[in-house]
Amino acid sequence: MKKYSIILFFIFFYQWVSAQDETALNYQGVDYKRIHFGFTVGFNTMDFKLTPSMSPYTADSSVLIPEINDLVPGFHVGIVTNLRLNDHWDFRFLPGIALGQRKILFYDDNKVVSEMKIESTFIDLPFTFKYKAVRNGNTRPYLIGGVNVRNDMARNKEFNEDEGIYIKLKPFDIYYEIGVGLDFYLAYFKFSTEIKYSVGTRNVVSSIPSEDFPEYANAIDQLNSRMFMVSLHFE
């Protein structure tokens, strides 16, 4: 009986392997188009790399310690433009909009003095190279890397005492980006899941302090934006 069970196992295993080999390849034409388009949606979390000032205080100012608070989920949408370079490389441009929020806590003698909520609406202009591995059936993993030019349309342009905003942010930044993803070839389109990490290269905090609350801007030496993005592409 054991011998027959082993034989049946190998028969079913052989049939399963054969079925994998005979899987119909969906939507093959997209990999050979010189240019194709699509759209993307997803969510993100925005963050800062914060460098406190080492000597920010005057004799008549309060001593505040800044710290990044918990992450808040955001949302982004965009358009996909893909240029095929060869069998494994693509050049991609994915303009879009990313919305999110960051929080900074300010401490005085280990007591929270203020929580500053900084909302951002970024115009995204990412330029990315995509390296695609060999296609395996109807899936294909890939790596991405590139730069993203971002402009924050909802930055803190002015101080707002009613909302507790006592720092200003610069609108323009350049990010470098890396990520991984997986293409799924469906019957009529290609669906991709992708995770990406962006790191801003510029100090986005303004050195101009509020006249009434200079201790907030003086407490921060440097703010560098960071963003983690999970995207769904439809091409």
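**A first look around**

Reply: 40% of the chain's 235 residues count as buried, where buried means under 20% relative accessible area, exposed over 50%, and partly exposed in between (1.4 Å probe, protein chains only). This is a predicted model, so local features need pLDDT of at least 70 and side-chain atom pairs count only at pLDDT 80 or more, while totals for chains, interfaces and linings use all residues. Residues are numbered from 1 along each chain as its sequence is written, and side-chain values use heavy atoms, with hydrogens and water left out.

Me: OK, how many helices and strands are there?

Reply: The chain has 2 helices and 10 strands. Both are DSSP runs numbered from the N terminus: helices are H or I with at least four residues, strands are E with at least two. Starting at the N terminus, the order is α-β-β-β-β-β-β-β-β-β-α-β.

Me: What share of the contacts comes from residues 24 or more positions apart?

Reply: 71%, counting contacts in the chain with a separation of 6 or more. Contact here means heavy atoms within 4.5 Å.

Me: Which residues have the most contacts inside the largest nonpolar core?

Reply: Ile104, Phe106, Met116, Ile167 and Leu223, in a core of 18 residues. At least two residues each come from β1, β5, β6, α2 (214–218) and β10. A nonpolar core is a set of buried Ala, Val, Leu, Ile, Met, Phe, Trp, Tyr and Cys residues joined through side-chain atoms within 4.5 Å. In soluble globular proteins, nonpolar side chains tend to be buried together.

Me: What does Ile104 touch?

Reply: If you skip neighbours within four places in sequence, the contacts of Ile104 include Phe48, Leu50, Pro66, Met116, Ile167 and Leu223. There's also a second, separate core of 6 residues, with Ala98, Phe122, Tyr175 and Met227 among them.

Me: Which residues make the nonpolar surface patch?

Reply: Phe75, Val77, Ile97 and Leu99 are among them, and the patch covers about 970 Å². The elements giving two or more residues to the nonpolar patch are β3 (72–84), β5 (96–108), β6 (111–132) and β8 (172–185). Patches use residues with over 30% relative accessible area and no salt bridge; like charges are joined within 9 Å, nonpolar side chains (Val, Leu, Ile, Met, Phe, Trp, Tyr) within 5 Å. Take Phe75: it is found in strand β3 and counts as partly exposed because its relative accessibility is 44%.

Me: And how many salt bridges?

Reply: The count comes to 11, a salt bridge being a side-chain nitrogen of Lys or Arg within 4 Å of a carboxyl oxygen of Asp or Glu. Side chains of opposite charge can pair when their charged atoms come close.

Me: Where do Arg140 and Asp31 sit?

Reply: Their side chains meet in a salt bridge at 3.4 Å, N to O. Arg140 is in strand β7 (residues 139–152) and Asp31 in the loop between α1 (2–21) and β1 (35–52), so the pair ties together parts 109 residues apart in sequence. Both Arg140 and Asp31 are buried.

Me: Which residues are linked in a network of salt bridges?

Reply: Asp124, Arg150, Glu177 and Lys196. Within that group, Glu177 and Lys196 meet at 3.3 Å, N to O. Glu177 lies in strand β8 and Lys196 in strand β9 (residues 190–200), so this pair ties together parts 19 residues apart in sequence.

Me: Last one: is Glu235 buried or exposed?

Reply: Glu235 counts as buried, because its relative accessibility is 7%. You'll find Glu235 in the segment after β10 (220–234). The side chain of Glu235 makes a polar contact of 2.6 Å with that of His36, and one of 3.1 Å with the side chain of Arg92. A polar contact is a pair of N or O atoms within 3.5 Å; within protein, one must be able to donate a hydrogen and the other to accept it, and residues adjacent in sequence count only if both atoms are side-chain atoms.

Notes. Areas by Shrake-Rupley, 256 points an atom, 1.4 Å probe, with all protein chains shown as cover.
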